[in-house]
Amino acid sequence: MPLINGFRLLDIIKDEHVCAGAYNTTDLITTMGILDAVEKSKIPAFIQIAPTNIKLSDGHYRYIYDMVKRYADHMETPVTLHLDHGKDFKDVVAACEAGFGSVMTDDSRFDYDENIKHTHEAVQFAKGYGVPVEAELGAIAGKEDDIVRADNKYTNPDQVLDFVDRTGVNLLAVAVGNVHGLNLDPNIKFDLLKKIQDICPVPLVLHGASGIPDEQINQMVNYGVVKINVASDLRKAYIQAFGKDYEERKDRFDLIDCTLDARKAVRDVVYHKINVMNKLSPQEVH
């Protein structure tokens, strides 16, 4: 199945009552590891990349699109290619022009009205490409690529309806105690998440899932969360696979075997996350 539009993926997620993982890639091997697991699970998913990681492709979003599309064309499971944390309007433009099926404009660093202004601009542009837009209300602590935020500015439920109405956004990323990276302890405030679910007219997104315990992740599908982002766990598994191979034999030069080990490590993490998000045991996944 070719890469599909994000609106179509959201419809499939709703119909199947599943929670889609959104897995960050950086290169071919990470991409193949992610999509290996998605295809094995048969659970629809997002594969995504942030602008800070486009530098590995010399800044060309089309390279990422072509790479992901080549694999997805041979899959049965629906997948959408998503721009993660587009902090500059030019990145939203570049991703849409490259064929991405959905985008995130992250203007949470601005004050409330400025966030609305920039988000609305991105939504209006993306309409021309027919793709959904994700935005963030509140601000999530931790390290997201090269950007560090020390405090967690929780999403204010009283602002949710106004924000969605004035921006026209299609997905809302919330700050409810989740954190980016693996160096901080998340503390999900499920009472806050429930308040937001009851108010918000669009599906919710949870960032920073790498550090959240499994027993909390598998509750998200019941709180209106349709997309859960995972990045740090994948990168850690990738790097550790190469490190393990090197430590076992420091004179080795068989790059192929080491790379295949890294691909498998990424696949195993993604497959586990899919099971957890959807309250499945491995034997329940085809």
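These exercises, with worked solutions, explore one predicted model.

Local features here need pLDDT of at least 70, side-chain atom pairs count only at pLDDT 80 or more, and totals for chains, interfaces and linings use all residues. Residues are numbered from 1 along each chain as its sequence is written, and side-chain values use heavy atoms, with hydrogens and water left out.

**Exercise 1. Helix α10**

Task: Find how far α10 reaches, which of its residues are buried, and what they pack against.

Solution: 
- Step 1. Locate the helix. α10 covers residues 255–277, which is 23 residues. Helices (H or I, at least four residues) and strands (E, at least two) are DSSP runs, numbered from the N terminus.
- Step 2. Check its span. From first C-alpha to last, α10 reaches 33 Å, close to the 33 Å expected at 1.5 Å a residue. The expected span is 1.5 Å times one less than the number of residues.
- Step 3. List buried residues. Among them are C258, A262, V266, V270, I274 and M277. Buried means under 20% relative accessible area, exposed over 50%, and partly exposed in between (1.4 Å probe, protein chains only).
- Step 4. Find the partners. The buried residues of α10 pack against β1 (20–24), α2 (28–41), α8 (214–217), β11 (225–230) and α9 (232–248).
- Step 5. Look past the end. K279 follows α10 and has a positive phi, near 55 degrees.

**Exercise 2. Two helix pairs**

Task: Describe how α9 packs on α10, and how α5 packs on α6.

Solution: 
- Step 1. Take α9 and α10. Their angle is about 145 degrees and their axes are 8 Å apart. Axes are lines fitted to C-alpha atoms, for helices over the stretch in contact, and angles run from 0 to 180 degrees between N-to-C directions.
- Step 2. Name some contact residues. α9 gives L234, A237 and F242, among others, while α10 gives residues including C258, A262 and V266. Contact means heavy atoms within 4.5 Å.
- Step 3. Sort this contact by class. There are twelve nonpolar residues, one polar and five charged. Ala, Val, Leu, Ile, Met, Phe, Trp, Tyr, Cys and Pro count as nonpolar, Asp, Glu, Lys and Arg as charged, and the others, Gly among them, as polar.
- Step 4. Turn to α5 (residues 112–127) and α6. They pack at about 35 degrees, with axes 8 Å apart.
- Step 5. Name the residues that meet. Y112, D113, N115, I116, T119, H120 and V123 of α5 meet Q159, D162, F163, R166 and T167 of α6. By class, they are four nonpolar, five polar and three charged.
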